[in-house]
Amino acid sequence: MTKPIWIIHANQLTTLASNHKGPRIGKAMSDLAIIEDGSLWIEKGVIEAIGTTQELAKDFADRLEEAEIVDASNHLVTPGLIDPHTHVVYAGSREKEFEMRLEGATYMEIMNAGGGIHATTRMTREATEVEIMEQTFIRLDSFLQHGVTTVEGKSGYGMDLETELKQLRVMKKLQKQHPIDLIPTFMGAHAVPPEYKGKEDEYVDTLIHEWLPIIAKEKLAVFNDVFCEKGVFTPEQSERILEAGKKWGLVPKIHADEIEAYGGAELAAQVGAISAEHLLKATDEGIEKMAEAGVIACLLPATALYLREEAAEGRKMIDAGVPVAISTDCNPGSSPTTSMPLVMNLACITMRLTPAEALTAATFNAACAIKCEHLVGSLEVGKQADIVMWNVKDYRELQYLFGVNHVKAVWKKGIQVVDRGE
């Protein structure tokens, strides 16, 4: 029988507990519901009680001897971090493009020359399911080491039915084999494959009438995403794909306004997308419409940095009432990182989020962006015991001491999966 776990004496226990439903907006993003000298009682992978160490010592006085005690003195304890936007399931590497970009090539120039998404598509099509699983497993291990306990993963490096299914089936298997919860998104509309160049509408028809029904019937995805961008999918094509996915029960997401303003934020509001991603070039009107519709802005500051672009206007979005989440955008071409702590740093430095807002964006709001807030994203009774203990005393130190992995220990569903010692 598994022992209860009693975490005691956390210098700060940032619970993010709230009676508010849905993603946090405005000033609510700064409310971390901190308990000093905080304590958690965990049984069977679930949080059973939360409070001060003194309160829980009294409440569980007759059971203290049976518990495994974790002393969190002089440490910060938070919910497990959540990455709500990744392309983590793929084969191969694209380090040569990094050099090309430094020599002046643009994202679209690399893509049009057969690189970018198309290069990873070729490698992923050629790789076996086992090879993709092995490579992805290593990346998921790295996420855990950085305090991430739940990850959204997209297909989209197949752009043929066989490989799209291969990616999604890999996610389904990894969900069972790896401690991280891996939430699947279908993104057949990541780019137009070379064989459909000049026949883009035909490819859209294939996605809608042939692929989406199979994805839905096999229950391989929760979300349906599309890259709405000039030279990729038009707003009209994107709307067709997202509305078709809704009919099959897939929740819409949208890569929007990354390279230029293209109406993606407005479309996200129109179709009722749960989130819009990137948004570097989102218009004021688009931001306003997202706020009105409650669309979560999933911002990717590491991608902007890697591409040497100005970051999305996170400060403006929060002030406008848009709920904001942040993500690594882990992918082989424009953000090959698994470090959510770095992403929190960058959210503060390049998008002017406060340390509290950055932590909320990487936990509770990120959970809302992938419909997991009932299980994870905050430390509350009845939720999964997904917990990180950090080698800092104060949540502000996570962002102040930037570029450092401060993780000391990670628990997933009450099982310790990372122990980085001192």
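Domain bounds are those of an automatic or database domain assignment. In the predicted model, this assignment divides the protein into domain 1 (5–79 + 379–419) and domain 2 (81–370). The C-alpha centres of domain 1 and domain 2 lie 29 Å apart. To the contact between them, domain 1 contributes 32 residues and domain 2 contributes 32 residues.

The largest nonpolar core comprises 116 residues, among which Phe-233, Ile-254, Leu-279, Leu-299, Met-317, Val-324 and Ile-326 touch the most other members. Residues of this core come from both domain 1 (5–79 + 379–419) and domain 2 (81–370), so the core lies between them. A second, separate core is made up of 17 residues, including Ile-7, Leu-40, Val-70 and Ala-409. In soluble globular proteins, nonpolar side chains tend to be buried together.

The surroundings of Phe-233 were examined with neighbours within four places in sequence left aside. On that basis, Phe-233 is in contact with Ala-189, His-190, Ala-191 and Val-192, with Tyr-203 and Val-204, with Val-226, Phe-227 and Cys-228, and with Ser-238, Ile-241 and Tyr-262. Of these partners, Val-204 also belongs to the H7 side, and Ile-241 to the H8 side, of a helix–helix contact.

Helix H7 (residues 200–217) and helix H8 (residues 235–247) pack with their axes 10 Å apart, at an angle of about 5°. Because angles under 35 degrees count as roughly parallel, H7 and H8 are roughly parallel to each other. On the H7 side, the contact is formed by Glu-200, Asp-201, Val-204, Asp-205, Leu-207, Ile-208, His-209 and Leu-212. These residues meet Gln-237, Arg-240, Ile-241, Ala-244 and Gly-245 in H8. By residue type, the contact of H7 with H8 divides into 6 nonpolar, 3 polar and 4 charged residues.

Leu-168 is located in helix H6 (residues 161–177) and counts as buried, at 0% relative accessibility. When residues up to four places away in sequence are not counted, Leu-168 touches Ser-155, Pro-184, Thr-185, Phe-186, Ile-215, Leu-220 and Ala-221. Phe-98, by comparison, is 70 residues from Leu-168 along the chain, and the C-alpha atoms of the two are separated by 27 Å.

Thr-14 lies in strand E1 (residues 5–14) and is likewise buried, with a relative accessible area of 0%. Apart from neighbours within four places in sequence, the contacts of Thr-14 include Leu-32, Ala-33 and Ile-34, together with Leu-76, Val-77, Thr-78 and Pro-79. Thr-14 is also in contact with Leu-359, Leu-379 and Tyr-395.

With a relative accessibility of 79%, Lys-44 counts as exposed. In contrast to Lys-44, which is exposed, Asp-329 counts as buried, at 2% relative accessibility.

Definitions and conventions
Residues numbered from 1 in each chain as written. Predicted model: local features only at pLDDT ≥ 70, side-chain atom pairs only at ≥ 80, totals over all residues. Heavy atoms only, no water. Axes fitted to C-alpha atoms, helices over the stretch in contact; angles between N-to-C directions. Helix = DSSP H or I, 4+ residues; strand = E, 2+ residues; numbered from the N terminus. Parallel < 35°, antiparallel > 145°, perpendicular 65-115°, else oblique. Contact = heavy atoms within 4.5 Å. Nonpolar A, V, L, I, M, F, W, Y, C, P; charged D, E, K, R; others polar. Core = buried A, V, L, I, M, F, W, Y, C linked by side-chain atoms within 4.5 Å. Buried < 20%, exposed > 50% of the residue type's maximum accessible area, 1.4 Å probe, protein only.
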